[in-house]
Amino acid sequence: MITALAAAEAAPGFLSPTGVEIAFVLVGIATLGAALVTVTTRQLVHAALWLIVALGGLAVEYLLLTAEFIAWVQVLIYVGSVVVLLLFGLMLTRAPIGRSPDADSENRLPALAVAVASAGTLVWVVVDAFRTTWIELDGPAQGSTEVTGAFLFRNWVLPFEALSVLLLAALVGAIVLSRKGGRAADRADATPPREDAR
């Protein structure tokens, strides 16, 4: 009886949450709310700003999981690059600032069904894979810069470099395509109107 009680006290449980776990759940709810507003709003600029909130919430979740390296990568790459690129794209294409009727879709129910099925599958896979897995906090944290860097540059050097080359090629392609379209528009604007022959 005493050994069973000692084992129950030593084993981690979900009935006595700590402050970190409570903060994790609260930030997760706020992040989920921001993500829902991102995909349901009809104003493109508001969607981009709510996307910043959602991605920032994910960075906070990574910090609460002691994965500070992944959290800063999330902030630098997604919040600092992807969302800024999205906002620049909205400004350069002169997207409408207010409500946009073109941003609405008639496929809401199929999209909702696919989203619910994908979320359910993802939750089931994660719970099934990590049901009995616990992180040991005695050594260096699994998400720390030291552990992540050693794992990344020992086992995943080639895919990491291939991904960087792919992103560079996509960036160069986007610049080339935007310059071609810009030159055509400039030529059309620079062409003087013909005067009708009298």
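Analyst: Let us begin with helix length: the expected span of a helix is 1.5 Å times one less than its number of residues. This is a predicted model, and in it the 25 residues of helix α4 (residues 68-92) should therefore span 36 Å, which agrees with the 34 Å between its end C-alpha atoms.

User: Which residues of α4 are buried, and what covers them?

Analyst: In α4 the buried residues are A71, Q74, V79, V83 and L90, and α3 (44-64) is included in what covers them.

User: Why does Q74 count as buried, and what is it in contact with?

Analyst: Buried means under 20% relative accessible area, so Q74, at 7% relative accessibility, counts as buried. Beyond its neighbours within four places in sequence, Q74 is in contact with L55, L58, A59, Y62 and V79, and a polar atom of the Q74 side chain lies 3.3 Å from the backbone oxygen of L55.

User: Is F24 partly exposed or buried, and which residues does it touch?

Analyst: F24, which lies in helix α2, has a relative accessible area of 32% and is therefore partly exposed. Not counting residues up to four places away in sequence, F24 touches E61, L64 and L65.

User: Where is confidence lowest, and where is it highest?

Analyst: Where pLDDT is low, the predicted coordinates should not be read in detail. Here confidence is lowest in helix α1 (residues 2-10), at a mean of 52, and highest in helix α2 (residues 19-40), at 91, while the mean pLDDT of the protein is 77 and 71% of its residues reach 70 or more.

Conventions. Residues numbered from 1 in each chain as written. Predicted model: local features only at pLDDT ≥ 70, side-chain atom pairs only at ≥ 80, totals over all residues. Heavy atoms only, no water. Helix = DSSP H or I, 4+ residues; strand = E, 2+ residues; numbered from the N terminus. Buried < 20%, exposed > 50% of the residue type's maximum accessible area, 1.4 Å probe, protein only. Contact = heavy atoms within 4.5 Å. pLDDT = per-residue confidence, 0-100. Polar contact = N/O pair within 3.5 Å; in protein donor to acceptor, adjacent residues only side chain to side chain.
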